[in-house]
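Student: Please take a close look at one site in this model, residue by residue. Then follow up with the contacts between and within chains.

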Amino acid sequence: MADYTLRVRRFDPEQTSGPYWQEFAVELEPHRSVLDAILTAKEELDGSLGIRCSCRAAICGSCGVRVNGRPALACNTHLRDATDAGPAADGSTATVTVEPMGNMPVLKDLIVDMDAVHWKKIHRVTPWLLNRRPVPEREYVVPHEDMVDVTQTMACIQCGACVSDCLSMEVDPEFVGPAAAAKAYRFVGDPRDAEQRQRLRDLAEDPHGIYDCTHCFMCIDACPKGVAPMSQIMRLRRISGSDHQIVDRNNGERHEEAFTTLVRDYGLLHEAELLPRSYGGNSWFGKFHPAAGLELVDSLPSIARAVARRKVKPTQALRGHRLARRDLDAVHAIFERVEGDARRHELNLYLSGVEEEAPAP
Amino acid sequence: MRVAYWPGCVSRGFTPELHGSMEAVAPLLGLELVPLDRAACCGAGVIAEHNQELADTLNARTFALAQQVDGAELMMNICSTCQGAQSECQERLDANSAYRARVNATLDDAEPGLRYEKGLTNKNLLWLLVEELGLDALRAKVRRPLTNLRVGPFYGCYIVRPRARLGIDAEHPRDRYLHQVIETLGGTVIDYAGTYKCCGFPIVTMNKTASLRQAGTHLGDATDAEADCLVVPCPLCHLNLDLQQPQAAKVVGRPLAMPVLHLPQLLGLALGLEPKQLGMSKHVVKPTAVIDWSAAVVAAPAPA
Amino acid sequence: MPAHDVLIIGAGLAGQRAALAAAQAGASVAIVSKVHPVRSHSVAAAGGINAALNPGDSWESHAFDTVKGSDYLGDQDAIEIMCRAAPDEILWLEHAGVTFHRDEAGRLGTRAFGGASAARTYYVADITGQAILHVLYEQLMKHHERVDRFEEWFTTELVQDDGGRCCGAIARDVRSGHLDAFRAKAVVLASGGAGQVFRPTTNALICTGDGMAQAYRIGAPLMDMEMIQYHPTTLAENGFLITEGARGEGAQLFNARGERFMERYAPNKLELASRDVVCRAEQTEIDEGRGFPDGTIALDITKVPRKRTLEALREIVNIGRDFAGVDITREPIHIKPGMHYIMGGVRAGTDGRTPVPGLYAVGEVACVSVHGGNRLGANSLLDTLIFGRRAGEHAAHHAVGLPMPRIEAARLRDAQAEIDALVARVPAPGSRRISHLKRELGETMNRYVAVYRDAAGLATAHEVVRRLKEEAPRAAIDDRGAVFNQDVLAAFELGYMLDVAEAIVLAAQERRESRGAQFRVDYPRRDDAGWLHHITVSRNGQEVPRTGTEPVAITRWQPQERTY
């Protein structure tokens with residue numbers, strides 16, 4: 001047994017006092033869960049402490065909270081891990097801090113309004129199968145791997161942990177968000193769905209759609225089920241741009257194309273070309289496109305400052321840096337061989353797992 | 001210590017002061033940098049978004065070139081984004097021998113004889129400082145402790161998440177290293193909301209307002225916490241936090257004048273170099289204009 | 001007061017399937033659930049769902065396995081209906097989007113399961129329940145214009161009209177504390193099981209027998225309540241479930257001497273004998289000193305190829321790591337029998353109808369009885385879906401011609417007054433906390449009403465339950481608020497659990513033989529002459545419950561000796 005101080009951020013909507021912190025002393029084995037600690041406090045000390053919970057085994061998705069500043073399921077976070085779990089902890093004390101999830105309004109104590117944010121966004125992505133026709137008399141015959149693949153996103157338990165700390169949503173509450181995007185992949189990756197292109201176009205063209213993800217990996221770390229929402233968003237982008245050639249109005253596809261082309265042509269990133277091409281189109285002429293012109297005017301102060309500070313020489317900004325001929329040739333050869341493949345080759349670690357050790361040579 | 005040194009693209013492009021300050025500070029740290037100037041861009045996650053195998057192969061080439069550097073103990077980078085993007089590729093390459101063989105076949109085709117062997121060590125300067133050099137050794141090298149300098153650490157997403165891939169655990173609290181280094185150099189760590197958040201750079205072309213709101217919010221939070229400056233191990237963060245700072249100030253509707261230092265610059269100052277030698281005049285928010293480095297903040301050089 | 005043709009209480013697989021079927025049949029539907037539908041305990045069903053869909057298989061074989069598994073207590077007419085309908089239901093689910101496992105040819109693939117003579121379990125890794133539940137919820141979202149969802153509404157009681165017909169329910173909006181009466185021409189109870197009556201249990205905290213008690217209180221008989229299924233593989237410490245899919249994939253059981261002891265108890269089916277048989281084998285090994293010192297048995301999943309485990313038993317890998325600190329791909333994990341399922345419930349016919357007019361019951365809250373004395377693994381999901389659909393359709397068709405019933409406002413006021421009194425309850429000196437009463441109940445039931453039972457133990461359990469029933473109305477309440485007052489819900493739930501516990505104990509005392517999950521040490525033989533019938537428990541307005549009997553429907557399979 002060990003002593004823990006459970007520090008809970010509480011809120012009673014029927015009082016005017018606002019949120020406050022309360023500490024509970026609980027005695028539990030270190031391998032017990034944060035949920036066990038919360039329930040001990042609730043059962044022994046204060047029955048009014050509000051938390052949603054049900055299965056205790058990380059499958060129902062009810063008990064999403066922040067533990068020491070990080071989103072998690074209370075039920076599968078061990079107390080011993082919670083006390084040294086991260087940035088907010090100082091590693092020495094046995095205090096476990098529990099708060100309601102972020103990015104969603106708090107209803108009471110550790111209970112947040114999932115409907116107002118999480119479920120609303122799930123609804124946004126047409127979250128049901130739009131069957132490919134004709135519907136077969138028996139089952140759809142589809143590849144084994146595809147079903148395992150979409151099961152990764154099917155494994156989402158809708159706990160909201162990824163939504164809680166999504167950094168794009170923090171600055172753009174309208175962002176579709178990691179959970180809904182993963183839900184979208186569940187259909188885009190499902191060969192039985194008939195509307196993949198429409199789904200992708202919808203999410204690519206939406207200014208708050210797949211290209212609004214800031215690639216911060218928060219959701220990957222937050223997810224207790226290995227859904228890796230951000231990885232699914234990247235796959236949605238890849239399928240949207242490369243397989244369906246959807247050129248969105250958010251510059252998402254152009255940015256990706258321009259970046260890749262510049263690295264092919266220069267071997268290194270040519271920042272001065274990237275910006276205009278992302279707005280105007282993927283060629284040297286892109287910068288003369290009206291959209292690029294507007295953006296250039298908008299960015300002019302930044303660029304002018306960079307030049308004024310001798311950060312960037314005008315000639316260098318124009319020419320960029322590039323690899324030596326022989327290395328560029330190697331880069332080209334790699335591009336040709338990989339991009340020349342009829343179908344993209346992807347190693348999905350969710351499917352393949354990690355090898356125990358290299359087989360004997 | 002001899003390292004295969006990967007400077008990345010941006011440190012030689014829009015933030016030349018990063019590469020410059022790294023080269024200036026390396027000898028003081030006892031680092032011999034062997035630049036991987038034949039290697040290509042890591043892809044910054046964008047090439048992987050476009051085609052995973054392409055990003056994996058380009059980085060496998062970089063790794064292979066690093067493994068060819070005679071006497072190098074490991075590969076070192078100075079960019080959170082490179083660290084994250086390359087770690088992601090390496091994770092796949094190391095996980096599966098068949099996939100590695102496939103990528104190596106492409107490498108061999110592009111450049112006969114080139115081959116990546118599983119198990120490269122690739123560390124950001126920050127990790128190298130703590131894990132290879134050691135904080136005690138670093139402390140011993142400090143010539144001018146950053147006494148009274150209030151520094152806000154800003155890690156950048158790619159170097160702190162996902163934790164498992166980046167090897168962050170109780171034994172390797174890599175998400176505390178920037179804090180530790182600031183303290184080792186004699187500075188004061190400022191606790192503010194933005195430390196582990198995103199600078200917004202990845203969506204600057206897609207949703208500029210959201211992007212700049214992120215940068216502006218963190219800069220504002222650091223200002224409110226009375227930081228003198230931020231320090232970043234990532235040049236892309238630097239672009240959004242420094243180069244775009246005036247634009248970000250407009251988006252968040254408050255004046256901002258927060259100097260943002262590259263990690264080697266902060267090291268260089270403490271190790272006795274002058275701001276100018278470290279390219280600090282090249283910043284948009286000039287640290288030299290905001291902080292009086294000569295007297296008020298930085299103590300006099302310690303007696304040798 | 002909301003008014004609908006069909007009111008469904010509970011939004012797990014049975015409730016959601018009933019809602020979709022009723023809406024499809026043209027009814028206006030409300031579905032009320034005390035938790036968000038995807039939190040329902042169906043989500044935890046891991047292993048799969050049975051159906052004789054393969055060309056080489058037959059529904060008769062599936063039905064016979066089920067009858068034999070039930071120890072001949074299952075009603076064969078209902079079992080036939082379920083097994084015949086199973087293949088179409090699997091295809092319906094597949095078309096709705098369930099990501100069922102495929103074989104290399106891209107067709108639906110199966111795994112082996114306990115008590116089955118063929119591999120006929122369809123599955124999604126080891127999250128089958130979750131996958132189906134979430135897909136049904138996708139369908140509910142799709143049909144949002146036809147199904148009104150009342151999520152996080154706690155039903156406190158069922159309402160009858162003067163003629164005794166069930167005409168709705170009273171429910172409390174957990175978010176606001178607002179109480180409302182839901183009027184309906186037909187009410188479908190789908191509120192799940194009662195595992196929390198036992199401690200430990202594999203069941204979620206929400207499984208508190210609400211619907212069983214609510215129906216019982218308005219006169220519906222409970223049936224087969226003595227049939228409590230213990231699952232052979234639950235984690236020693238906390239009772240968490242390790243899916244039978246693990247043994248289906250090839251995992252083996254060992255005692256502390258390293259003996260694969262199932263060779264002695266079920267020489268043919270070994271680990272894949274039916275659950276009651278495996279549990280008794282394990283318990284015997286433990287009781288006779290051949291278990292591990294912590295009173296457990298070893299489940300060795302390393303017999304399954306690692307790659308297969310990582311793909312098909314991913315959730316168990318997580319549970320082993322997170323809750324037992326064991327990498328199941330590398331070492332055995334320690335397990336023991338643990339309370340898992342209740343075969344009994346509100347007596348219901350093959351269309352879900354209960355003896356109370358207007359009231360239907362489906363899923364674990366109901367007893368159709370397709371599981372009889374022992375449920376086969378992967379038959380419970382099937383039960384929820386088949387009878388959920390049938391009840392939804394039946395209720396919708398019958399609602400068409402009926403007028404919308406009324407519920408008097410006074411009824412709602414009385415219910416509100418009861419809750420107000422509960423919230424205002426001043427703790428009497430010495431009154432215990434709800435959680436303490438619940439713990440004593442659970443530990444008592446798990447001690448005396450478990451794998452092995454006898455008259456003395458059952459009498460003790462009965463005493464404890466009666467004492468707790470007296471004490472419960474005085475239990476202390478902390479929360480005086482309206483928003484998410486979980487104390488109020490816990491007080492209601494405790495009352496439900498005590499009613500259900502009493503019915504379980506009474507039925508177990510009544511059945512003086514050993515059949516299925518009921519093993520009486522004092523009556524160790526099955527006695528078809530004396531006991532081949534269901535036992536019912538009903539209250540019907542009386543304070544003292546009475547037991548009764550119902551015949552078992554036997555269509556084509558006469559009782560035989562049961563060996564595996």
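**The annotated site and the interfaces**

Tutor: R375(C) counts as buried because its relative accessible area is 3%, where buried means under 20%, exposed over 50% and partly exposed in between (1.4 Å probe, protein chains only). This is a predicted model, in which local features need pLDDT of at least 70, side-chain atom pairs count only at pLDDT 80 or more, and totals for chains, interfaces and linings use all residues; side-chain values use heavy atoms, with hydrogens and water left out. Residues are numbered from 1 along each chain as its sequence is written, while chains are lettered from A and ligands numbered from 1 in the order in which they are written.

R375(C) sits in the loop between β17 (366-367) and α11 (380-399) of chain C. Helices (H or I, at least four residues) and strands (E, at least two) are DSSP runs, numbered from the N terminus. Apart from neighbours within four places in sequence, the contacts of R375(C) are Q229(C), R275(C), H340(C), Y341(C), M343(C) and S380(C), contact meaning heavy atoms within 4.5 Å.

The residue belongs to a UniProt annotation, "binding site", from an unreviewed entry, which covers H231(C), T243(C), H340(C) and R375(C). These four are spread over 145 residues of sequence but cluster in space, with a largest C-alpha distance of 14.4 Å. UniProt positions are given in the numbering used here, feature names are shortened, and annotations may be inferred rather than shown by experiment. H340(C), another annotated residue, is one of the contacts of R375(C).

T243(C) is also in a loop, the one between β11 (228-235) and α6 (245-248) of chain C. T243(C) is buried, with a relative accessible area of 3%. Leaving aside neighbours within four places in sequence, T243(C) touches A46(C), G47(C), F113(C), D126(C), H231(C), T233(C), L313(C) and I316(C). A polar atom of the T243(C) side chain lies 2.9 Å from the backbone nitrogen of G245(C).

Next, the contact of chain B with chain A. It takes 81 residues from chain B and 77 residues from chain A. The two chains bury about 6900 Å² between them, and carbon and sulfur atoms give 57% of this area. Buried area is the accessible area (1.4 Å probe) that two parts lose on being put together, summed over both. F14(B), E49(B) and H50(B) supply 12% of the area that chain B buries against chain A, more than any other three residues.

Eight salt bridges are found across this interface, a salt bridge being a side-chain nitrogen of Lys or Arg within 4 Å of a carboxyl oxygen of Asp or Glu. One salt bridge joins D175(B) and R70(A), whose closest N and O atoms are 3.8 Å apart. Polar contact links 22 residue pairs between chain B and chain A (both at pLDDT 80 or more). A polar contact is a pair of N or O atoms within 3.5 Å; within protein, one must be able to donate a hydrogen and the other to accept it, and residues adjacent in sequence count only if both atoms are side-chain atoms. The elements of chain B that give two or more residues to the side touching chain A include α1 (16-29), α4 (80-95) and α5 (97-110). The most comes from α5(B), with ten residues.

Chain B is divided into domain 1 (2-124) and domain 2 (135-290), with bounds from an automatic or database domain assignment. Their C-alpha centres lie 24 Å apart. In this chain, 25 residues of domain 1 are in contact with 26 residues of domain 2. About 2200 Å² is buried between these domains, 72% of it from carbon and sulfur atoms. On the domain 1 side, E17(B), L28(B) and S80(B) lose the most area to domain 2, together 25% of what that side buries.

Two salt bridges cross between domain 1 and domain 2 of chain B. R165(B) forms a salt bridge with E88(B), with the closest N and O atoms 3.5 Å apart. On the domain 1 side, the elements giving two or more residues are α1, α4 and β4 (122-124) of chain B. Of these, α1 and α4 of chain B are also listed on the side that touches chain A.
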